Amino acid sequence: MDATEASEVSTQILDEIGSAVIADRGFFETVLLGVVANGHVLLEDVPGTGKTLTARSVATALGLSFSRIQFTPDLLPADITGTHIFNEESRSFEFTEGPVFANVVLADEINRAPPKTQSALLEAMEEGQVTVDGDTYHLPEPFFVIATQNPVDMEGTFELPEAQVDRFLAKTSLGYPDDEGEVELLRRRAGRTTQSPTVEPVLDAASVEELRAVPESVTVDDDLLRYMADLARATRDDYRVDVGVSPRGTQRLFEAARAMATIAGREYVAPDDVKRVAQPVLAHRLVLTPDARVEQVDKKTVVQSVLDEVPVPTV
């Protein structure tokens, strides 16, 4: 698969998801960015905006298996990874796979589970495997996690630690639809007999792997490499930021920019690709100072300030 084919396929996927979910196309691109860049996506929004429907639609459009894990305060790590169960016939313990063994995993309301359970996803997200009782089991490929959290009802929740938030390639939200979008939502509901809309598969698992391989051949000019490094360093020097973008975050910015160029059908990264992915890739990695938090400074505002200040190279 080359860049042109990857762009055509990406457009089909975005169109198919958009036929089921009412949201801005930029939101769909950010979610697809996680797939193409071999990363994971965190969705933060109020209930009822379509987070679960988005995850299910993405899995179906990609032709991948889907699993939903509802995180609750009493959820145990074994409820995610699986456990060994005694087989009466063979008189031995056999491993039973947990819901994490799927291509697309929806970690719904991830901040409602305690830290020990949240950390069960860390190895899966970073290594593509889980370890249970000393034995390592590889997860199916491709593997993609979409986690959700509710930003308004925080009672009884466990805030994600920075180390875990940093594992997500991008963080985004759907937001409420505009007037015409909400009318279209009702119009679509009136045109079908089922409560939830459906989408058709565009790819299969093998094709998704081919799509993920395309960004590796995308060219990135040295000036752009320095531009991305300068952006990361600028976040560390901002007076409103206590902890800036980590080196891992700089690498994720690089990977996301290549993936965005792939979605656009180009074999090279342009400065606009970096600007387009900077907000969803960098903002959630920042830790603001206490004064900035008191003043309710938005992390996206900090990233935008950095984008405005750092000179853009001419490529």
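Reply: Helices here are DSSP runs of H or I with at least four residues, strands are E runs of at least two, and both are numbered from the N terminus. The model is predicted, so local features need pLDDT of at least 70 and side-chain atom pairs pLDDT 80 or more, while totals for chains, interfaces and linings use all residues. Residues are numbered from 1 along each chain as its sequence is written, and side-chain values use heavy atoms, without hydrogens and water.

Me: Which helix gives the most to that lining?

Reply: Helix 2, with four residues. The lining is made up of Ile13, Ile17, Phe28, Val31, Leu32, Val35, Val58 and Leu62.

Me: And how many of them are nonpolar, polar or charged?

Reply: Eight nonpolar, no polar and no charged.

Me: How much space lies in the largest cavity?

Reply: About 30 Å³. The structure holds one cavity of 30 Å³ or more.

Me: OK, switching to helix 9. Which residues are buried there?

Reply: Ser207, Val208, Leu211 and Arg212 are buried in helix 9, residues 205-213. Buried means under 20% relative accessible area, exposed means over 50%, and partly exposed is in between (1.4 Å probe, protein chains only).

Me: Why are they on the same side of helix 9?

Reply: Because they cover an arc of only 145° around the axis. The arc is taken from the directions from the helix axis to the C-beta atoms.

Me: What covers them?

Reply: The cover includes helix 1 (3-18), helix 2, helix 3 (51-62) and strand 8; contact means heavy atoms within 4.5 Å.

Me: Now the backbone. Where is Asn38, and is it buried or exposed?

Reply: Asn38 is in the loop between helix 2 (25-36) and strand 1 (41-44). Its phi is positive, about 60°, although Asn38 is not a glycine. Asn38 is exposed, at 53% relative accessible area.

Me: What about Glu109?

Reply: Glu109 has a positive phi of about 50° and is not a glycine either. Glu109 sits in the loop between strand 5 (104-108) and helix 5 (115-118), and at 22% relative accessibility it is partly exposed.

Me: Last one: which peptide bond is cis?

Reply: The one from Glu141 to Pro142, with omega near -5°. Pro142 lies in the loop between strand 7 (135-138) and strand 8 (144-149).

Methods:
1 Å grid on protein atoms, 1.4 Å probe; cavity = no way out; pocket = protein on both sides within 12 Å on 5 of 7 lines; lining within 4 Å. Points joined across faces, edges and corners; volume = space filled by probe spheres on them. Nonpolar A, V, L, I, M, F, W, Y, C, P; charged D, E, K, R; others polar.
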